[in-house]
Amino acid sequence: MKVEVRYHSRGGNTKRLAEAVAKALKVTARTVEEPVEGKADVVFLCASVYAGSPDKAVMTYVKQNARDIGRLVVLSTSASGKSTHAKLKAAAEDMGVTVSEAYFHCPGAFLMLHKNRPNAEDCQRAADFAKAQLK
Ligand SMILES: Cc1cc2nc3c(=O)[nH]c(=O)nc-3n(C[C@H](O)[C@H](O)[C@H](O)COP(=O)(O)O)c2cc1C
């Protein structure tokens, strides 16, 4: 089974989460801007909330690679507690991409909120979540 971990991160929080997941799955975390390497059975898409939505770069990645993605699994962080899962699922399914119902979300540091999140425990939970999605 081919597994990819992709992320978009403006400030580093989502990158930290993606790298923890990638390490647990023994793959390399890559940004959504990097070219795709063939088809992937499962793509763990780490995409956090900016102005209420996933970044445009994430949407572009899904659109450009829809045919090569077997299943998307969403992981995210945000200040509010709200995930990008619902918006990504709706948009990706419109493009014919299967998106798992299960998703991972944790707080992400923003201004004075959620200092140091995601922390080591968040990263461990994300890694455990990702491994469980492959069983
Ligand atoms: C420009 C900007 C807009 C944001 N908008 C929201 C928002 O609408 N809702 C929310 O809950 N968090 C919002 N956040 C907080 C981010 O989701 C949170 O800091 C996240 O961990 C950022 O991940 P990153 O460090 O990988 O970019 C925003 C952060 C930034 C920088």
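**Entry 1**

I started at Asn116. I count Asn116 as exposed because 10 other C-beta atoms lie within 10 Å. My cut-offs: a residue is buried if 20 or more other C-beta atoms lie within 10 Å of its own, exposed if 12 or fewer, and partly exposed in between, with C-beta atoms placed from the backbone. I note that this is a predicted model, in which local features need pLDDT of at least 70, side-chain atom pairs count only at pLDDT 80 or more, and totals for chains, interfaces and linings use all residues. I number residues from 1 along each chain as its sequence is written.

Asn116 sits in the loop between β5 (104-107) and α4 (120-133). For the element names I use DSSP runs, numbered from the N terminus: helices are H or I with at least four residues, strands are E with at least two. I looked up the backbone angle too. Asn116 is not a glycine, yet its phi is positive, about 65°. Most residues other than glycine have a negative phi, and most peptide bonds are trans.

The loop between β5 and α4 also holds Pro118. I checked the bond before it. The peptide bond from Arg117 to Pro118 is cis, with omega near -5°.

**Entry 2: Ala51**

I found another positive phi at Ala51, about 50°, again not at a glycine. Is Ala51 buried or exposed? I count Ala51 as exposed because 5 other C-beta atoms are within 10 Å.

**Entry 3: helix α1**

I turned to α1 (13-25). Its 13 residues should span 18 Å at 1.5 Å a residue, and the end C-alpha atoms are 19 Å apart, so the two agree. The expected span is 1.5 Å times one less than the number of residues. After α1 comes Lys26, with a positive phi near 60°.

I listed the buried residues of α1: Asn13, Thr14, Arg16, Leu17, Ala18, Ala20, Val21 and Ala22. These buried residues pack against β1 (3-8), β2 (29-31), β3, β4 and α4. For contacts I require C-beta atoms, placed from the backbone, within 7 Å. Leaving out residues up to four places away in sequence, Val21 touches Val5, Phe44, Leu75, Ala126, Ala127 and Ala130.

**Entry 4: the ligand shell**

Which residues are closest to the ligand? They are Gly11, Asn13, Thr14, Ser80 and Gly108, in a shell of 20 residues. The elements that give two or more residues to this shell are α1 and β4 (69-78). The largest share, three residues, is from α1.

I sorted the shell by type: six nonpolar, 11 polar and three charged. Here Ala, Val, Leu, Ile, Met, Phe, Trp, Tyr, Cys and Pro count as nonpolar, Asp, Glu, Lys and Arg as charged, and the others, Gly among them, as polar.

**Entry 5: strands β3 and β4**

I looked at the pairing next. β3 and β4 run parallel and are joined by six bridges. Strands pair if DSSP finds at least two bridges between them. β4 is mostly covered, with eight of its 10 residues buried.

Val42 is buried because it has 21 C-beta neighbours inside 10 Å. Its contacts, not counting residues up to four places away in sequence, are Met1, Val3, Gly70, Arg71, Val73, Gln133 and Leu134. Val42 and Lys2 are 40 residues apart in sequence, and their C-alpha atoms are 6.7 Å apart.

In β4 I picked Ile69. Ile69 is buried because 24 other C-beta atoms lie within 10 Å. Ile69 touches Ala40, Val43 and Val97, residues up to four places away in sequence not counted. From Ile69 to Ala47 the distance is 16 Å, C-alpha to C-alpha, across 22 residues of sequence.

**Entry 6: the nonpolar core**

I looked up the largest nonpolar core and found 33 residues, with the most contacts inside it made by Val21, Phe44, Leu45, Cys46, Leu72, Val74 and Leu75. β3 gives the largest share, seven residues. A nonpolar core is a set of buried Ala, Val, Leu, Ile, Met, Phe, Trp, Tyr and Cys residues joined through C-beta atoms within 7 Å.

**Entry 7: Phe129**

My last stop was Phe129, in α4. Phe129 is partly exposed because 19 other C-beta atoms lie within 10 Å. Phe129 and Phe104 are 25 residues apart in sequence and 7.0 Å apart in space, C-alpha to C-alpha.

Key
A residue is near a molecule or strand if its C-beta atom, placed from the backbone, lies within 6 Å of it. Two residues are in contact if their C-beta atoms, placed from the backbone, lie within 7 Å.
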